[in-house]
Amino acid sequence: MAVNPYLLSTTERGADVTDLSDLARLLRQLRRRQARQRGASELTYRELAARTGWSIGTIAGYFGGRTLPPTNRLDVLAALLEATPAELGVLATARDHVQEGRRPVTSAAGPGRWPVPRQLPGENFHFVGRETELTTLDALLDRAGPPAIAVLLTGTAGAGKTALAVKWAHRNAGRFPHGQLHVNLGGFDPDGPPVAAARVVRDVAAAFGVPGDRIPAGPDAQIGLYRSVLAGRRVLMILDNARDADQVRPLLPGSPGCVTIVTSRNQLTSLVAVDGAHHLVVELPAADEARQLLAHRLGPARARAEPTVVDELVDHCARLPLAMVIAAARADARPNFPIAVLAEELRLAHGSLDLFSGDDAPADLRVAFACSYRQLTPSAATLFRLVGNHPAPDVDVDTAADLAEAAPAHVRPVLAELTRAHLLTEHRPGRYACHDLLRAFAREQTDRTAGGYAP
């Protein structure tokens, strides 16, 4: 539906609204317009909840496209947002149209009904922060045009890319009435090769009720079936843990209304350059947000009792979300101990990763780093160890070349490889660094590895 982004047009017919996400978009436009007209910030969910007596979660459901407001509540919201009488009529018609259309999707191939897959992993109760990233993702969806959208989330191992994707997907699931899919592509799994596109195609087809004997044998025909199944549907797909662009590209839906979120430890720049994906780097959280995350995991009572220790733990964890989660789990196993005991253990470990190991691979920081490290070329692996052992907080190209005993021209593409893999960060133009836990991993690999640089 074409809606003026700055003013809800009174000439729009309510029947032009096709689903709940369109209705929610109208509400958000009204909220933005009211703020501009008043010269103030938009009314927050908390303020709207206080004025209506409804819960913040209920308000968020209406504006996020997850919940259809009852008629009387839609009228209240519209009045609070200063809709005109004509706009009230548009909204009422739109709401009725959405309610009429909320029935199972029928198969275009004949009688019967398509299943509506709901494959999102459970929402993490402990997820906090990342409001800037969530707002950025919301904005991408709000300004979406006819083409299908692909969003690429990249960042270092343990930065929380999957958690962010799943959180956003749950917040916006109502905007994708024909299904939400989650596929682990296994690009950096420690126990097996990446998942082939053919297997994803079969799994997605099965999720939409296509019998196995109707899935063709040839790869091109399989991709054709895959895109035919998604055609005309509003589907959200998370392609998680991708190794490279070639693994992802065949799986990008072509149908308008579909959104794909790809997560990867690699930058996958060709998805941006060739396929028009929007790239969002998931950085380490800022100190305040990291403190909030760790305190939430530890529990408010323990965090309030030892606030300076929480700050110390954040430093020991290098603000890496996975490290903070593992540290909090260690504290949770000893609820009667002060968290200062954990801080002392980390202090005495002198940078070792032993205290960040877990019972299985997803909760073991060393394994997470190793899965990225193993994908490096020999030259990049050697340079990573050299930079990680260098005493300075960062290096430039000339310093890296001196460490590697190689020409700067040979080192530049190797630094680029490490940056694409998010094992180094170019935090300023020409200056490369990694956080303290990656440095600890580099030292461990140095202790295990003998050999020189191979430019």
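The points below go from the whole chain to the sheet and then to a single side chain.

1. Overall content. The model is a predicted one. The protein contains 21 helices and seven strands. It has 455 residues, of which 48% count as buried.

2. Contacts and surface. Among contacts with a separation of 6 or more, 70% are between residues 24 or more positions apart.

3. Five strands form an open sheet in the order 2-3-4-1-5, and their pairing is parallel. Its edges are strand 2 (180-184) and strand 5 (278-281), each of which pairs on one side only. On average, neighbouring strands of this sheet are turned by 15 degrees against each other, with direction ignored.

4. Pairing of strand 2. The partner of strand 2 is strand 3 (residues 236-242); the two pair in the parallel sense over five bridges. Asparagine 184 has aspartate 240, in strand 3, as its bridge partner.

5. Arginine 33. This residue lies in helix 1, which spans residues 20-38. Is arginine 33 buried or exposed? Its relative accessibility is 6%, and because buried means under 20%, arginine 33 counts as buried. The side chain of arginine 33 also makes a polar contact, at 2.7 Å, with the side chain of glutamate 87. In the display, this pair can be inspected by selecting arginine 33 and glutamate 87.

Note on methods. Residues are numbered from 1 along each chain as its sequence is written. This is a predicted model: local features need pLDDT of at least 70, side-chain atom pairs count only at pLDDT 80 or more; totals for chains, interfaces and linings use all residues. Side-chain values use heavy atoms; hydrogens and water are left out. Two strands pair if DSSP finds at least two bridges between them. Helices (H or I, at least four residues) and strands (E, at least two) are DSSP runs, numbered from the N terminus. Axes are lines fitted to C-alpha atoms, for helices over the stretch in contact, and angles run from 0 to 180 degrees between N-to-C directions. Buried means under 20% relative accessible area, exposed over 50%, partly exposed in between (1.4 Å probe, protein chains only). A polar contact is a pair of N or O atoms within 3.5 Å; within protein, one must be able to donate a hydrogen and the other to accept it, and residues adjacent in sequence count only if both atoms are side-chain atoms. Contact means heavy atoms within 4.5 Å.
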